[in-house]
Amino acid sequence: MNKFNLKSEYAPAGDQPKAIKSLTNGINNGLKHQTLLGVTGSGKTFTVANIIQEVQKPTLVIAHNKTLAAQLAQEYQEFFPENAVHYFVSYYDYYQPEAYMPVSDTYIEKEAQINKEIERLRHASTQALLTRKDCIIVASVSCIYGLGSPIEYEKVNLKVEKFGNLGRKELLTRLIDIYFERTNADLSPGKFRMIGNTLEVMPVNEKKIYRVILSEQTVSRIDTVDPISREFIDEDLNSFFLFPARHFVTPKEEVKRVTSDIEKELKIRLKELEKSGKILEAERLRRRTKYDLAMIREVGYCNGIENYSRHFSGRSEGEAPDTLLSYFPHKKDGTPDFLTVIDESHVTVSQIGGMYAGDRSRKETLVEHGFRLPSAKDNRPLKFDEFEKRVGQRVYTSATPGKYEYEKSEKIVEQIIRPTGLVDPKIKIKGIFEKGKYPGQIKDLILETEKAISKGGRVLVTTLTKKMAEDLSLYLKERSIESRYLHSDIKTIDRIETLTAFRRGEFDCLVGVNLLREGLDLPEVTLIGILDADKEGFLRSETSLIQTIGRAARNVKGRVILYAEKETNSMKKAIDETNRRRAVQIEYNKKNGITPKTIKKEIHDITERLDRESEKRGSFLAELDSAVSGKKIKDLIKLKERQMNDAVKVLDFETASILRDELKELFRLSSKDRS
């Protein structure tokens, strides 16, 4: 069995050694809930990586969005290059889920035609979990959504052996049985082709082709080939395994039972709709379900087959579905035997708890209007109590743990000392109670901003609304302060461009709303101004204030001004906690002779990527004109699909989203050309 082997040029420092030892002991002693309270920049991911190496358990890391999950996956891949580190993201994080909007009578079909790379990443995760123990799966909350049964998935894997008992006919039949598709064109994951006595097949979890030479009804040679260069990777192998090309697997002997169950449910539901006078809905449901049943009987699969998952698995109505969690190892008594790390737990825990209700509402609308059978509601994410039963020992990581973590945790370990020696910023409250010295929050902010800029620093300002951010940015420009705003209406690419320009000093003040909290790493910032800090609510809660204050902890000159007319309970708690941490950090630095230094972080990587993306945008029109005039749209579609898959492979979703939009336009033109 492969063991986790951490590779890093750095050794644990600051509070990391203490945190690693304490949390590792807790896991070894059977503690189920532990929290790593790590301040911004303290290296929580590195600490968790060391814990994984110590406990040697398969690990699930859950993040609250796909971008953060991608960053974490890259970090863990660097820490564990010899082990199986995979990234699991839902189609719905990248593709449009099925939905119906009654108000506008708009049905949105699930976009699933361009998802080969996402599918490969998902299969790579599940197959790794079924074949090895040294697995780290970094996932979004999609890990709690319904997935095919791991028992059936593992049961029908195909082993191809040199000089085995599989002949040409048997081998092709078995490939089709596990949902591989035959093609005469270029191979892609989940497809195979037969040329003479040579079979070529591309697994769904690997970017290579297995070439099988058949002679006298047996396998005489097995090689692996690079799908692009056609160069040999490995030659004369003895055997290889193929897992099903789809997660929802139906044994042939089960098809009759499954289709019979679906037909019974359809009959009951049609009576209900017709009795309610919903003739259109009944006809819609009848046509769709009959078509799906025909596909299941013929090929064992249909689009949206997951909506019939309750029938395939034999589960009762309302029973929890199989999910990615089901693929992780369990003890003989059924208890989970893996470690779960919930990153940014103050956000992720509540998100896990809220997924069921949102999915249920969407499914009920589909069922009500005849797009799906009622059993589709059982193709769902786990409820929170179901999730709790299906994960074992947990480590929550956050700079601001929530109420749930505090109540559940048997041990809370603080990681306050940063390896860099940087301390939390100084905080000052400014308001009308300054007895005549206070000119008002905007005028004072301008004075403080000018002071910070004159010393070579940058300034972040947080407002309560998007409109306020836009207006303030314009007002600052009129006062000769170069500023821009940032909020959720700004496209992802434009956000990155704005942040890059800010770091490069193209402007000095960045104004935003909630985007200035988790995940922003801007070491040039020396001042953060929080306007209307006394307006209690989500954006000015204790958690939000601490997260925002933490953005100034990357620079030795970092300081924060809270503009308020009174000190709220949230402000007091945030200030007291920051001052407590700051005191501990300063004392540690004095004791160990550490002089804090501002973090130095390269900027060119982001800029270079944006330049490449800009070039792609500019060249696309030229490529499109050439393709249309030369009738080569199909060739350009293949090229763009390959580029998009390559971008997703390295978790570069910004580039992939651009290419996806280009592909939509190409498909539209291709369809128009055919008509």
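How many residues does helix α17 (residues 569-592) have, and how far does it reach from its first C-alpha to its last? Select it and take a look, keeping in mind that this is a predicted model. Helix α17 has 24 residues and reaches 35 Å, close to the 34 Å expected at 1.5 Å a residue.

Stay on α17 and color its buried residues: S570, M571, A574, I575, E577, T578, R581, R582, Q585 and N589. Now bring up what covers them, which includes strands β1 (33-38) and β18 (426-430), along with α16 (542-549) and β23 (559-563).

Next stop: a helix pair. Select α7 (residues 252-275) and α8 (residues 279-299), whose axes come within 10 Å and cross at roughly 175 degrees. Angles over 145 degrees count as roughly antiparallel, so that is how α7 and α8 run relative to each other. Show the side chains where they touch: α7 brings V255, T259, I262, E263, L266, R269, L270, L273 and E274, while α8 brings E281, A282, L285, R286, T289, K290, L293, I296 and R297. Color this contact by class and you get nine nonpolar, two polar and seven charged residues.

Last, go to strand β7 (residues 158-161) and pick out K159. Is K159 buried, exposed or partly exposed? Its relative accessibility is 37%, so K159 counts as partly exposed. Leaving aside neighbours within four places in sequence, K159 is in contact with L166, S239, F240 and F241. For a distance check, draw a line from K159 to L171: they sit 12 residues apart in sequence and 10.0 Å apart, C-alpha to C-alpha.

Terms used:
Residues are numbered from 1 along each chain as its sequence is written. This is a predicted model: local features need pLDDT of at least 70, side-chain atom pairs count only at pLDDT 80 or more; totals for chains, interfaces and linings use all residues. Side-chain values use heavy atoms; hydrogens and water are left out. Axes are lines fitted to C-alpha atoms, for helices over the stretch in contact, and angles run from 0 to 180 degrees between N-to-C directions. Helices (H or I, at least four residues) and strands (E, at least two) are DSSP runs, numbered from the N terminus. Angles under 35 degrees count as roughly parallel, over 145 as roughly antiparallel, 65 to 115 as roughly perpendicular and the rest as oblique. Contact means heavy atoms within 4.5 Å. Ala, Val, Leu, Ile, Met, Phe, Trp, Tyr, Cys and Pro count as nonpolar, Asp, Glu, Lys and Arg as charged, and the others, Gly among them, as polar. Buried means under 20% relative accessible area, exposed over 50%, partly exposed in between (1.4 Å probe, protein chains only). The expected span of a helix is 1.5 Å times one less than its number of residues.
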